[in-house]
Amino acid sequence: MVYRSCRIDSAIAPAAWPCKGNLAPSQDFGPPLPHFCRAYGLTLRSDIPLDGTLAAPAGAFDVDVVEGPVPARADPVEAETLRWTGNARELVLHIPRVGRFHVTDGRRITYAPVTPGAADPLGLYVLGSALGAVLHQRGQQLLHASCVELGGKAVAICGRRGAGKSTTAAMLCRQGARLLTDDVAVFARLDPPWIVPGYPQAKLTGEALARIDRDPAQLRPLHGERGKFAVPRAEIFVDQPLPLHAVMVIERSDRATPVMARMKPAPAIQALLRHTYRPHFVMPSQAQRDFAGWGKVVEQVPMFELRRPRQGDSTAFVVSAIQQAIATIAESQA
Amino acid sequence: MTDPIAATARPARADDALATAMGDGMVLMSMDSGKFVELNETAREVWNLADGATSVAAMVDRLGELFDVSADQCRAEVTALLATLRDQGLVHFDS
């Protein structure tokens, strides 16, 4: 971000130099140094900084992130919406007012920003939708879930926007759990299911921040996610893949009291499909593989549904219900 | 209500049907309708036999070899299952 808008200090620049304005450094000083970082089990080489990720040594990488020309459409188009076109190996994504992204072969993200040099929201979309497309192209299962480590294993907490995933994860961490991933659970393998670490940052609302005694004034508001802040979580981050212990599905319900129940196989698969991260990036030709993958998860990992009232604060119930369910599973497996 | 299924009909799994093993059974989903169907061990055999070439009569014979069931009961249950799968868009009959 900073190096892209770096200016020559007028005090040391020769007066005869014509003003070039806010040019990308590549035009003045050669290509910028790439950033090497890690997220979701992948090493990325990126020409823009990807905020919140773990630094990685320069060298081998899995995914290249570069600015460059982006085609208008994928070729061929297997599926599309107004925002994107794609096939199993390629996705072209338009984010209004931010830029366009071309994700290919699960190895490369090419981006064309609307405003050259404006790196700030770009990185968020690289780490979000674009990396989601990369992982789908690599054939991995993705769940829109927060994951914490409890008793040495991962617990995935999924739910729609506003269900309270990140808040629940933050509260579990306050009581001794560690954070594996805040937003997307990526499966490293399925026999048995393991989850890879995301990166040490959480997206939390001001309300959730208050619960964990953090001051939003010290934090950066997130682009495109009103009322949420990027919270560094390095101190509680688990940087290793973990076997998946259980999946918790949080739903809002009209009932006055919260309830928790073990899910049967078909509703469990249905829930995993509903909470897949960027589900539409699973192309029709990949749907059978993805479906069978969720079948494997449901066969091996217990799933629970937590219905919490729309009104009122049921966070304490949700947190203790998850802790009790995990303790019960651990006992039965001991 | 729905068309009866003839013994000579040859059911075929729909192209947009997704399937996954679940214990001894299976879970199916129609991509088109989003509907889910759970199959037990015997229903799973019917699904596996729905290859577009095997007739309903041949299915009933095969299942009679695999499971301890009378021919009449087997025919009735296989036909009922196939009707359900057809109504959910999971199998079709191109005879």
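## What covers helix 3 of chain B

The buried residues of helix 3 of chain B are covered by elements of chain B that include strand 1 (11-13), strand 4 (36-39), helix 1 (41-49), helix 2 (56-66) and strand 5 (91-93). Helices (H or I, at least four residues) and strands (E, at least two) are DSSP runs, numbered from the N terminus. A residue is buried if 20 or more other C-beta atoms, placed from the backbone, lie within 10 Å of its own, exposed if 12 or fewer, and partly exposed in between.

This is a predicted model, in which local features need pLDDT of at least 70 and side-chain atom pairs count only at pLDDT 80 or more, while totals for chains, interfaces and linings use all residues. Residues are numbered from 1 along each chain as its sequence is written, and chains are lettered from A and ligands numbered from 1 in the order in which they are written.

Helix 3 of chain B (residues 71-87) has 17 residues and reaches 24 Å from its first C-alpha to its last, close to the 24 Å expected at 1.5 Å a residue; the expected span is 1.5 Å times one less than the number of residues. Its buried residues are R75(B), V78(B), L81(B), L82(B) and L85(B). They lie on the same side of helix 3 of chain B because they cover an arc of only 140° around the axis, the arc being that of the directions from the helix axis to the C-beta atoms.

The face turned away from this buried side carries the exposed residues D72(B), Q73(B), A76(B) and A80(B). Just after helix 3 of chain B, G89(B) takes a positive phi of about 75°.

## Confidence in chain A

The predictor's confidence in each residue is pLDDT, from 0 to 100. Chain A has a mean pLDDT of 89, and 90% of its residues reach 70 or more. In chain A, confidence is lowest in helix 1 (residues 25-29), at a mean of 47, and highest in strand 14 (residues 193-196), at 98. Where pLDDT is low, the predicted coordinates should not be read in detail.

## Backbone features of chain A

A cis peptide bond joins D75(A) and P76(A), with omega about -5°. P76(A) is in the loop between strand 4 (63-67) and strand 5 (79-80) of chain A. A cis peptide bond also joins D191(A) and P192(A), with omega about 0°.

Y40(A), a residue other than glycine, has a positive phi near 50°. Y40(A) counts as buried because it has 25 C-beta neighbours inside 10 Å.

Conventions: Two residues are in contact if their C-beta atoms, placed from the backbone, lie within 7 Å.
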